[in-house]
Structures are given as structure tokens and as C-alpha cells.
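Please read the model below with the side chains displayed.

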Amino acid sequence: MAILIVALAAVHCPLGAYLARVADDGRHLRFERWIYRASGVAPEGEQTWKAYARSVVVFSVAGVILLYAAQRLQPLLSGGQLAGVDPWVAMNTAVSFITNTNWQAYVPESTLGFVVQMAFLAVQNFLSAAVGIAVAFALVRGFARKGTDSLGNFWVDLTRITFRVLLPLAAIAAVVLVIAGVVQNFWPTAVTNPLTSVSQTIPGGPVASQEAIKELGTNGGGYFNANSAHPFENPNAFTNVFEVFLLLAIPFSLPYTFGRMVGSRKQGYTILTVMGSLWLLAEGLMAWAIAAWPNLGEGLEQRFGPAASGIFATATTLTSTGAVDAAHDSLPPLAGGMAMFDMMLGEVAPGGVGSGLYGMLVLAVVAVFLGGLMVGRTPEYLGKKVQARHMTLAALYLLVTPVLVLVLTGAAVLIPSVVAAAPAQGPHQFSELLYAFTSGANNNGSAFAGLTASDPLFSTLMNVAMWVGRVLPMVLVLALAGSFARQEPIPPSPGTLATYGPLFAGLLGTVTVLFTALNYFPALALGPIAEGTIR
């Protein structure tokens, strides 16, 4: 934890400042202009929130179609060596990678070839991460701009984030991973056990390059079915902590970007304080839940042990990553419940790339509104008056995920074929279904491994959770940004509630817990809490 905190503190300001420069840069690099010209984009043209939202939705729909077609046409892409992916699994995979969920209802190393893994799924890891950061940029511009309908240009944001931020950082991270022992090749790898002299051939592939963007973009889809518990993806203690650092680096740097863009670094540090405090609290609770359980061992990768596995599990569920270095299904009941609680928090501590920041800013708007009511003043955030329309959009944003999780879980337990996909008995069976829909609606992608996710009806329900849980919140965020951008700023007065400092950070942290995770407490009581009590 100390190493992580020092490393994240070291990159917070430089990476956050660089992201701010990318967001506000008025120049277009030569190769970027070539891309705009080839795709028919006018880079100087600004978009309203509706045009920005349409671009996000159209781009996402096109991505689903492309990924689905690539999986179904895999016999052509692999020269006949691999079969086409099952239609239900292909659609589920396409939706999951487009929505930054990376839910994997298949065995990657035996189902997909190099072409689909590299040219489609890994590419989408870059693009889905870039979409999340672009929406966050648009919301911050909504707070920073005044008297305008424009939030920037989605296609310009997408291009810059992909080529100026994600590609260079992923290239550096991939080289580090290769040096540390992560596989990067195009052939099977023979491994001999020196104790038994037994040799086996394990599929190889371009693992390090996919692993880098998998973590950096908080995607989580592994090259192997065992994900980051596989020694080819995560061979040692260094790579384990390095991967945790990668998945936290951008989300923890974006608050600095926010402070720079709105002209008040205090605002960014306040958001960072809340994110960091919730992360440390969650890490402590996870450590307690694991340490308090006797004879823990099954389901954990012995190269890392309980402590490192707990750090990884917390980081991956507090963000929208979903990568795992241990079987979450084998965690102690309260530790598994803590992993669920982390996702139910809205993945804002620090959350996914982009989505964590815009989720926390929506909560900040709610906190300002409540603070204004308590002091009898008109609520304002960054000089913008918080009105009924803003609160309606914020309330809808906060309701989307709980409604999806609870309604779909409630429906799932009434459908025999879906219940059969969770073979466990008692509270743990309910926990497996609750975890699945919590993961899908929050675009996380991790799962309790006892679940069989290839059932057509279950896949359809998961598709609904992943698609609506990703697209609808982004549209609501963009609508909120457009409404704020049209306002003229109000000069602060003696009665203006300060939206920085310890007081507001405490209010924001309280609102985050009360308005997100506690919606799920009755469901948690039926699952992991009941299971932990029984055992």
C-alpha cells in the first residue's frame, strides 16, 4: 500500500496536467488531421450536448456490430483454424467490450485467435476507455464554460485521448511487463515442471500488450481465462503491484485535471481526498474481512497470498476494471460482499477512467444541493446555480444502476434457467446472481466463478445491464454538462457554500455512501451478510 500511494502521488500532478493540456489543446497534430480528413470530421466544429451524445451512442452501436461480426467471421480471420463464436456469446462479448465491462463468458485462449484478440478486442479496450475520458472532459467543460451550447468535439477528444494518452502509456507499460516476465509472442509456450519433469504446452500470444491497456483503461478482459491469476499475465509480486498501479493511475490523476480545467486546484484536491479516503477505507475493510476468516487458501494464487489479493480485489472493484488475481467466488463471504459493495458505491473511488470522475462530480452536485438546503442558500457549484433540471438529471443518474441491479436480480431469481446458471445453494447462490448484475450494470466485468454465463436468457439480461448501465448515465451526464455550460457564472457571496476543504469533502463522502451503496443493503443482507452469519 505504501508503494502504491507513493507511486500514485508521483504521477498525480504530471499526468493530470498532461490530460488537461490534451483536453484544451487548440492544435491538431498532422497525423490527427489525416484521421479527421479520412473520416470526414471537421475538427474545428464544436458539438452541443445532444450532438456529443449522439456521437457517443452511434460510435458505440457501430462498435458492437463490428465486434459481433468479427467473432462470427473468425473462421475467415483465422484461416479456418478456429470456429465462429456462438451467437449469444458473441453478442454478449461485443456489448461487454464496447461498454468497458469486458465480461467474458468464454475461455479466451481457446475460443479466440490472435486476430480477434489483437485487432478487435484489444483495440476496443483503447476506444472504450477513451470514450469514458471524453465524457468526463465534456462534463468538466460544462462547469468551466459559460453562455455556450458547445462541449467540444467527441471525435477530436476520442482521437487525442487514444493517440496522445492511452497508446504511449500502454506502450511503456507493455515494455515494463515484458521485462518483468509477461509473455508477448505468437506461439504456444512449453513449460516443464522441474519437480515432476512433466512438460505441458500452454497457449502463448500477445499478452503483455493486451495486459497493459486492460489495466490502464480499467477494462479488465484478460488474455487467459484465469485473468491476472495466470502466471503469463501476472508472473510475480512486482507485476501484481504494477498492474494495480496501472488501473489506478489515470482515475486518481483526473481530479487534478478537473482542478486545472476549472481554474481551481482546491476543487480537484477535494475530489481526490474523497476518492482516496474511500479507497483506503475499502482496502482496510477488505483486509479485515480476509484476515478474520480462518483457513483461507482455496481460490487464492499462492504467489501473492491473501494481503496482495485483497489489495487487487479492492482496486479492481472500486474501478470498472474487473481484472482478478484471485477467485472472488472463493473469498470469505464478507470479503466477497465487500467486493460487491465497492461496485455498488458507484465505482467512484477512484472509479473507471473518466466514469469515476464524472460520477463523483454528479454526487458533488447533489452534495451542494443538500448543503444549500441546510444553510438556506441557493445551491451553487463552481459559480453555476444548481436548479431543478440539474437535480432531476442527477437523481436519474443515481437511480439507473440500482434499478438495473435490483430489478434484474429480482427477475433472475424467478427464472429457472437463470437460477440454474448459479449452481451454488442458499445465500451464496443469490450472491452469485447479485454479483453478476452488480458487475454488469456498473461495467466492471468480474464475476463469482461458479456462475455459468453462456445461457441465452442470462446473456440477454446481462446485455441489458451492461448497455443501459453504460450508455444512459453518459447521456444524462452530457445533458447535465450542456445545461451548466449555458449558464453565466454567479459571483461568490458571503453565503456561498465552499465546495472545497474538509467540510465539503466530509459532506461529499457521506452523500456518496448514503446515495449509492446503501440502496443495496437489503440485497446484501440476503446474500453475503446472511452467508457470513450462517458460517
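Phe31 is partly exposed, its relative accessible area being 31%. The model is a predicted one. Phe163 is also partly exposed, at a relative accessible area of 34%. A search of the whole structure returns 19 aromatic pairs. In the pair of Phe31 and Phe163, the ring centres are 5.5 Å apart and the planes stand at 70°; since planes over 60 degrees apart count as edge-to-face, this pair is edge-to-face. Phe31 belongs to helix α2 (residues 30–39) and Phe163 to helix α8 (residues 154–180), so the contact ties together parts that are 132 residues apart in sequence.

Trp103 sits in the loop between α5 (87–98) and α6 (108–111), while Phe458 sits in helix α18, so the pair ties together parts that are 355 residues apart in sequence. Trp103 and Phe458 are both buried. Aromatic residues can also be grouped beyond pairs: one aromatic cluster is formed by Tyr52, Phe59, Phe154 and Trp155.

The charged contacts come next. Across the whole structure, the search finds eight salt bridges. One of them joins Asp157 and Arg141, with the closest N and O atoms 2.9 Å apart.

Lys214 takes part in a salt bridge with Glu211, where the closest N and O atoms are 2.9 Å apart. Lys214 and Glu211 are three residues apart in helix α9 (residues 207–216), which means that about one helical turn separates them. Lys214 is buried, with a relative accessible area of 0%, and Glu211 is buried with 1%.

Lys214 has a salt bridge with Glu233 as well, the closest N and O atoms being 2.8 Å apart. Here the pair links distant parts of the chain: Glu233 lies in the loop between α9 and α10 (237–262), Lys214 lies in helix α9, and they are 19 residues apart. Both Glu233 and Lys214 are buried. Elsewhere, salt bridges with shared partners join Asp25, Arg27, Glu32 and Arg164 into one network.

The last topic is the surface. Which residues form a positive surface patch? Lys50, Arg54, Arg389 and Arg486 form it. Arg486 is placed in the loop between α18 (456–485) and α19 (502–515). With 38% relative accessibility, Arg486 counts as partly exposed.

Terms used: Residues numbered from 1 in each chain as written. Predicted model: local features only at pLDDT ≥ 70, side-chain atom pairs only at ≥ 80, totals over all residues. Heavy atoms only, no water. Patch = residues over 30% accessible without salt bridge, like charges linked within 9 Å, V, L, I, M, F, W, Y side chains within 5 Å. Areas by Shrake-Rupley, 256 points an atom, 1.4 Å probe, with all protein chains shown as cover. Salt bridge = Lys/Arg side-chain N within 4 Å of Asp/Glu carboxyl O. Lys, Arg positive; Asp, Glu negative; His and termini not counted. Charge placed at Lys NZ, Arg CZ, Asp CG, Glu CD. Helix = DSSP H or I, 4+ residues; strand = E, 2+ residues; numbered from the N terminus. Buried < 20%, exposed > 50% of the residue type's maximum accessible area, 1.4 Å probe, protein only. Phe/Tyr/Trp six-rings, centres within 6.5 Å; stacked < 30°, edge-to-face > 60°.
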